[in-house]
Amino acid sequence: MVVDFHTHCYKPLLAKKATSLIPPGSPYGPYYDGTADGLIGSMTKNGIDYSVVLNIANTSMSVRAVNDYAIDLLSYPQLIPFGSVHPDYADIEGEIKRLREHGIKGLKFHPYYQRCELTSKAAYKAYELGAKHDMIMLFHGGHDLMVPGDNSNPRLLRQVYEDFKGAKLVFAHLGGWDLWDECFKLLIGQDVYLDTSFAFMFLTKEQIDFVINNHDNKKLLFGTDGPWTNAQIELKNTRQLNTPYLDDILSGNAKRLLGI
């Protein structure tokens with residue numbers, strides 16, 4: 001079994017807009033059309049059984065609509081949608097309860113797109129409520145190709161980890177895309193889940209070996225960041241990792257975390 005812990009899909013009009021932002025010929029996709037059907041087609045082609053779909057509420061005004069879409073995605077048995085809350089939203093707990101009532105198990109936070117400080121008082125209140133309701137909380141980690149900033153770096157994510165030990169935290173892109181030295185120093189080896197999306201393709205074999213040898217392999221989650229990476233290549237490269245815990249990275253860790 002394969003569980004892709006980091007994917008995206010959108011309503012058709014938004015999918016067209018999102019995928020059109022990538023210049024023709026870019027090595028970063030899109031590798032499907034950005035829709036739910038496109039994602040499922042990619043999964044079928046590449047032998048991926050389940051995909052976690054990460055939705056982001058960029059503003060407080062978009063929270064309900066984004067989570068309505070996440071709830072709609074539950075109609076696809078292969079998809080495991082996460083919702084999102086914005087720290088400025090007036091009734092975060094009510095929205096988390098609504099997501100939980102529908103069976104949604106996680107939240108996505110992306111400080112750059114949400115234009116909020118990762119360790120602000122308002123953000124911490126959102127994390128506290130997420131932890132209270134046993135939500136998996138996945139955070140963008142490191143730089144972002146589309147949005148400049150330094151508000152989700154390994155130093156700040158390490159602070160979130162220290163302040164919310166015991167919560168179900170996942171740091172995307174190994175917690176530090178394009179900030180690998182900080183990532184290796186501050187996050188590798190900590191008791192936190194890291195997803196591999198959009199990460200190993202940028203690392204040397206020596207760097208990948210460092211991650212595998214120094215981070216609990218039961219805390220690594222396979223992810224592609226589709227549609228922005230080629231799932232076939234990501235799977236091929238992951239299957240070449242030098243670890244006896246490959247099945248855990250590909251699916252076992254995700255299954256235990258998600259309760260599936």
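## The open sheet

Three strands, in the order 1-2-3, make up an open sheet with parallel pairing. Strands here are DSSP runs (E, at least two residues), as helices are runs of H or I with at least four residues, and both are numbered from the N terminus. Two strands pair if DSSP finds at least two bridges between them. Strand 1 (3-7) and strand 3 (79-82) lie at the edges with a single partner strand each, so one side of each has no neighbour in the sheet. On average, neighbouring strands of this sheet are turned by 20° against each other, direction ignored; the axes are lines fitted to C-alpha atoms, and angles run from 0 to 180 degrees between N-to-C directions.

Strand 2 (residues 50-54) pairs with strand 3 in the parallel sense, over four bridges. Ser51 has Leu79 in strand 3 as its bridge partner. Strands of a sheet pair through backbone hydrogen bonds, either parallel or antiparallel.

## Basis of the model

The model is predicted: local features need pLDDT of at least 70 and side-chain atom pairs count only at pLDDT 80 or more, while totals for chains, interfaces and linings use all residues. Residues are numbered from 1 along each chain as its sequence is written, and side-chain values use heavy atoms, with hydrogens and water left out.

## Aromatic pairs

Rings of Phe, Tyr and Trp (its six-membered ring) pair if their centres lie within 6.5 Å; planes under 30 degrees apart count as stacked, over 60 as edge-to-face and the rest as tilted. The count by this rule is 14 aromatic pairs. Phe5 and Phe82 form an edge-to-face pair, because their ring centres are 6.0 Å apart and their planes stand at 90°. This pair links distant parts of the chain, with Phe5 in strand 1 and Phe82 in strand 3, 77 residues apart. Phe5 counts as buried (under 20% relative accessible area, with exposed over 50% and partly exposed in between; 1.4 Å probe, protein chains only), at 0% relative accessibility. Phe82 also counts as buried, at 0%.

The rings of Phe139 and Phe171 are edge-to-face too, because their centres are 5.9 Å apart and their planes are at 80°. Phe139 lies in strand 5 (residues 136-139) and Phe171 in strand 6 (residues 169-171), 32 residues apart. Both Phe139 and Phe171 are buried.

## Thr224

Thr224 sits in the loop between strand 8 (220-221) and helix 10 (231-238). With 3% relative accessibility, Thr224 counts as buried. Its side chain reaches the backbone nitrogen of Gly226 at 3.0 Å. Beyond its neighbours within four places in sequence, Thr224 is in contact (heavy atoms within 4.5 Å) with residues including Asp4, His6, Thr7 and Glu234.

Definitions and conventions:
A polar contact is a pair of N or O atoms within 3.5 Å; within protein, one must be able to donate a hydrogen and the other to accept it, and residues adjacent in sequence count only if both atoms are side-chain atoms.
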